[in-house]
Every structure is written in C-alpha cells, then in structure tokens.
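Please read the points below alongside the structure.

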Amino acid sequence: MPKEFEKDDMNYYLLELAREFKRLTHRKAEAEIVLVGGASIVLNYGFRNTTADFDALIQAPTAIRDAVNNVRDRLDLPMGWINEDFKITPSYTPKLYKYSSYYRTYANVMTVRTIVGQYLVAMKLRSGRKYKHDLSDIVGILMTHRMEGNPLLPDDIREAYEQLYGDWNELPEDSRLFVNGLAEDEQLAERYVETIEAERGIKETVIDFEQKYPDTINLANEDEIINMLTNRNKSGNNKNGENEDGVL
C-alpha cells in the first residue's frame, strides 16, 4: 500500500531533508521550497489528514537532489516522495513563487513556503480532476475559511486565478458555476462529504476503465472520457431503477 504522509510526518521529513542538505553543502548554501496541492492542504488545513507525496517547486543547488535521495534511502521513503512533476501539468505557472506564503524555516537553511487560500483554489480549478481530490479540496478550503471567519468570495478566487493564469472565462463554465454555487451554499460540510463520495465513485470507474483499456486516458481526453463514463453509469442506474412499468 502506498505511503501516506500526515502533517507530523511531513514536518519531520522536511527537517531531515534540511539537515541532510546542510551536511552536504557544509552549511554554505540555502534552499527554498514551495509546496502546493495536497502537501499544502495537509500542512495548512484540517479537513484532509494525508497526502501521497510532496508536490513542490524547488530552488536550491543541485545538492538538494542528493539530499532528497539520501533521506529517501535512510528513512525508506517512496521514490519521488518530494518532486516537481506537477510542473508539466496545467496548474503550474512560475507566478506561484510570487503568490506563495511563508510556512517555516528548517535547520536555518531551508525555507518552505506554501500556496494557500484563493491561490490554492485557483490551482485546483485549473487542474479540475474530477476523480482525485481537486473538487473536494476546493470545498474543504472554502469551508475552513468560512468557519474561521475569513470567507473566500468568488471575486477573490477570480482575481487569484487571473493573477496566476489569465482570463477567468477560459475556465470551463461548470468550474465557474461550481465556485459560485459554493459561495452561496450554507451546508459546505455536507457538500464536502458528497463531493468526496462522488470523486470516489468516479475514481473507481476510471480504474476499471484503465484496466480494460490501458494507456487510453491522458490530460487531453480525460474530461471527455470521464463525462462519457459518468453519463453511461447514470443511464445504467436509471434503467436498473425502473419498475416493471418502466417508471422510476
């Protein structure tokens, strides 16, 4: 079973990474890491307890790579436990550095920053994966900010999106409507649970499809395939729900 990182784990491994980096560079270099996605959510919010890895932007001398590998080997962490793979996804933009927030400094050599609030919502909207945590994370972030008396308004999210990516209207209409609807929703805790369940169902459907048709889904076609599978499941459920007279 893949390793899942909790908040205490993350702080411990980041500290060990900083210490190893300091050892390798003889305390003569510094590193800066910006954590995004699930890693930022686990560190900054309470609605999600774990993440599978540390999605990051890393600014540091090349010794950081050796430090990452050494910590991985010594502590038996998975390959890519901290990585920059998200840089090839639509949610990446170099502007993320500018809009990151300070989190903590480890071992006096490694500064960690995170993406939070409306900027993290904007990233999740840009990614928009219906079978992972993107939509439920958006609900959870909005829910947390509202509970803390600091609600994120649609205009806040729109401004953040445009600062990071450009024209808000380039987002799919259903994504824009999703955010606007949540802003008016008084039952975000219930909506969070519902969204988690919906994502779980879509993920199971996607896994089944990939087992039958390996290497078919990619970034260019995943929305089309997921919509097709979802609509097919709805159609099948409607047929199964009919009584003998053909009435639901």
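N11 counts as buried, because its relative accessibility is 13% and the cut-off for burial is under 20%. The model discussed here is predicted.

- The position of N11 falls within helix α1.
- When neighbours within four places in sequence are left aside, N11 is in contact with L43, Y103, R104 and Y106.

## Strand β1 and its partners

- With strand β5 (residues 110-114), β1 pairs in the parallel sense, over 5 bridges.
- Within that pairing, A31 has M110 of β5 as its bridge partner.
- With strand β2 (residues 54-59), β1 pairs in the antiparallel sense, over 4 bridges.
- Here the bridge partner of I33 is I58, a residue of β2.

- Side chains of opposite charge can pair when their charged atoms come close.
- The structure contains 12 salt bridges.
- One of these joins E16 to R74, with 2.9 Å between the closest N and O atoms.
- Because E16 belongs to helix α1 (residues 7-25) and R74 to helix α3 (residues 63-75), this pair ties together parts that are 58 residues apart in sequence.
- Are the two partners buried or exposed? E16 is buried, its relative accessible area being 8%, whereas R74 counts as partly exposed, with a relative accessibility of 47%.

## Salt bridges of D137

- D137 forms a salt bridge with R48, in which the closest N and O atoms are 2.7 Å apart.
- This pair links distant parts of the chain, 89 residues apart: R48 is in the loop between α2 (37-44) and β2, while D137 is in helix α5 (residues 134-147).
- Both R48 and D137 are buried.
- D137 also forms a salt bridge with K124, and the closest N and O atoms of this pair lie 2.9 Å apart.
- Since K124 is found in helix α4 (residues 117-127) and D137 in helix α5, the pair ties together parts that are 13 residues apart in sequence.
- K124 is buried, as is D137.
- Which residues make up the network of salt bridges? The linked residues are R48, K124, D134 and D137.

## The second largest pocket

- The second largest pocket holds about 260 Å³ of space.
- Its lining consists of 13 residues, and those nearest the centre of the pocket are K130, L135, A198, I202 and T230.
- Which helices each supply at least two residues of this lining? Among the contributors are α8 (188-212) and α9 (222-240), each of which supplies at least two.
- Sorted by class, the lining of the second largest pocket includes 5 nonpolar, 4 polar and 4 charged residues.

Note on methods
Residues numbered from 1 in each chain as written. Predicted model: local features only at pLDDT ≥ 70, side-chain atom pairs only at ≥ 80, totals over all residues. Heavy atoms only, no water. 1 Å grid on protein atoms, 1.4 Å probe; cavity = no way out; pocket = protein on both sides within 12 Å on 5 of 7 lines; lining within 4 Å. Points joined across faces, edges and corners; volume = space filled by probe spheres on them. Nonpolar A, V, L, I, M, F, W, Y, C, P; charged D, E, K, R; others polar. Pairing = 2+ DSSP bridges. Salt bridge = Lys/Arg side-chain N within 4 Å of Asp/Glu carboxyl O. Buried < 20%, exposed > 50% of the residue type's maximum accessible area, 1.4 Å probe, protein only. Contact = heavy atoms within 4.5 Å.
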